[in-house]
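Please have a look at the sequence and structure first, and then follow along.

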Amino acid sequence: QGSSRGGGATAVIRGAANGASLRSGVAMSARGRADSPKPKRKADEEGIPATSAGSKEEEKPKEKKDVVGKKDIVRTPRPYEFGGNLGTAFWTFFIPACVYWAYGINVINHGEPCLPDLEFWSKLIWGLPKGAAIRPTMEGFTLITIWVLVQAAFQQFMPGRMEKGVKLKNGNHLDYKLNGWRSWCATWTIVIGLVASGLLDPTVLFRNFGSLMTWANIYSYAVALYLYIDFGLLWRRWVDSPEFEVDWGVFSIMDFFHDYWMGTARNPRIFHFLGYPLDLKFFFEARPGLILWILVNWSNVAAMYMGCKVTPEAVQCEAEGDYKRIPLAILIISLAHHYYIFDYFWNEPAILTTTDIRHEPFGFMLMWGDFGFLPWMYTNSFTLYLASVSPRYEGSLYLDIFCIAMWVFAMVLFRLTNIQKHKFRTFAAERNNDPAGYKVWGKDATWIKTKEGSLMLTSGFWGMCRHPNYMPDMIMAFVWWLNCTAHHTTPLVPFGYVIYFWSMDIHRFFRDERRCKDKYKDDWDLYVQTVPYCLIPGVW
């Protein structure tokens, strides 16, 4: 709940009669995903910086002095995370293999779990028709490349409001062009127009899922390697750039896998000659992966409408579409995901306050998570699973109604928790950082003031537990899995998403709390004493 600036503080619980300083302009985040591959709404909305995790995470390397031209550059090495070099080397290859396995379960075994033996991988690479198989194809390369270039052109050249980001360690505030909503609308206008005119097959992403996923992985590995070389090994090139910070660059080539995974620069930007440079993290964080996720979902819905099935010989579809082939479950999940990203771009300024944008370096973890993982794992887990099971998924009306109700409940809870904190921050910022007089649920609000002036709300939802906006997204993940269970097939693939998402959230708020402990010290101890429950009030 604190601001992005570090520093110790002494904290006191304040009532409505007292004030504190609060940095203005802190917007509510619209999404969480993913310090790992995935969406990031929950922890991001709290504004709590990520902390480290792994066997060597508590190490604090000493500063290193370098001379660049006539400048003395004192750099601060980054802490080890995710198990150091061994851990990150493992995750770099293990998680992508798991995603391919989940995809193979759907297209080879119709959603029924199976072991990934040599025969399985042989079928996944060579035993399926091109496009559906995971071997790269020229059509897949063309589609994914055009997609990235179009989205990059939208971000760079489409009009948008310029807004300052949060303060960097070097004291600068970077400029960001906020035109995501325009890009979202333009994308859908073009896609709908091409489909309506017959120039684009709506099932094209379903037909080429395997190849597209592989090309997205290739791009992710390649971009991460470029980032390691240009912003890591060649960090001296960027010392005069406004985004350069003291923890940029490679400190030891022996840390290759850790630096490759985590990244060596927080805000890598290229093409400065354009006037407004291309911010690689901001771009991949928001544009190609998130919008593609929704397009793939609707392509899978179109495949069900056309009765498409993947066979060893070809992707076969019926001559005529039939709405009766589309179960309510796939529409519920697709519309929920669609609203999720619609809301993300509608509240685009909040992106600038997310943990990923504010704190995380940009390396393979975020690059692959945003582009090589999210649009494929999130779709494969639900809509592609429903389109793959045999016999055709029909679902249960009672289950569908229950899932709709639970999703609405989760969204309302998500909105209420974040609006409550956002209004508290806005109220204080508009009154010279004084929240005196602000009420929560009809009572005077209480809060904790830190030495640096940050405020941590301890009333309402935020007095019940420290992470109240994690639970709504965790509920949604469970509900989407539940909506896929009205079939005799064991729903391991959808449940794999729940395991991933819950593990990611729990890991993230442990990282957050360790970092906040380092940042706020005794203040954080007081906050934990005041709000003792982490996630579930009265339980944990």
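## Cysteines and the disulfide

C484 is buried, with a relative accessible area of 0%; here buried means under 20% relative accessible area, exposed means over 50%, and partly exposed lies in between (1.4 Å probe, protein chains only). This is a predicted model, in which local features need pLDDT of at least 70 and side-chain atom pairs count only at pLDDT 80 or more, while totals for chains, interfaces and linings use all residues. Residues are numbered from 1 along each chain as its sequence is written, and side-chain values use heavy atoms, with hydrogens and water left out.

How many disulfides does a search of the whole structure find? The search gives 1 disulfide, a disulfide being a pair of cysteine sulfur atoms within 2.5 Å. The partners are C308 and C317, with their sulfur atoms 2.0 Å apart, and their link is right-handed, with 110 degrees about the S-S bond. C308 is buried at a relative accessible area of 3%, whereas C317 is partly exposed at 26%. C484 is in no disulfide; the nearest cysteine sulfur belongs to C403 and is 8.6 Å away. C185 is partly exposed, with a relative accessible area of 31%.

## Around A387

A387 sits in helix 14 (residues 383–388); helices (H or I, at least four residues) and strands (E, at least two) are DSSP runs, numbered from the N terminus. With a relative accessible area of 6%, A387 is buried. Leaving aside neighbours within four places in sequence, A387 is in contact with F206, N300, M304, C308 and K309, where contact means heavy atoms within 4.5 Å. That list includes C308, one of the two disulfide cysteines. A387 and R325 are 62 residues apart in sequence, and their C-alpha atoms are 9.6 Å apart in space.

Further along, a cis peptide bond joins S390 and P391, with omega about 0 degrees. P391 belongs to the loop between helix 14 and helix 15.

## A nonpolar surface patch

L328, L397, I401, I404, V408, V412 and L416 make a nonpolar surface patch of about 580 Å². Accessible areas come from the Shrake-Rupley method with a 1.4 Å probe; for residues, only the protein chains shown count as cover. Helix 15 (residues 397–429) gives the most to this patch, with 6 residues.

## Loops with positive phi

Two loops deserve a look. R78 is in the loop between strand 5 (71–75) and helix 2 (84–109), and R78 is buried at 12% relative accessibility. A polar atom of the R78 side chain lies 2.4 Å from the backbone oxygen of D247, and the R78 side chain reaches the backbone oxygen of G249 at 3.0 Å. F82 is also in the loop between strand 5 and helix 2. F82 has a positive phi of about 55 degrees although it is not a glycine, and F82 is buried at 12% relative accessibility.

K521, in the loop between helix 18 (492–520) and helix 19 (522–530), has a positive phi near 55 degrees and is not a glycine either. K521 is partly exposed, with a relative accessible area of 46%.

Terms used
Patches are made of residues with over 30% relative accessible area and no salt bridge: like charges are joined within 9 Å, nonpolar side chains (Val, Leu, Ile, Met, Phe, Trp, Tyr) within 5 Å. A salt bridge is a side-chain nitrogen of Lys or Arg within 4 Å of a carboxyl oxygen of Asp or Glu. A polar contact is a pair of N or O atoms within 3.5 Å; within protein, one must be able to donate a hydrogen and the other to accept it, and residues adjacent in sequence count only if both atoms are side-chain atoms.
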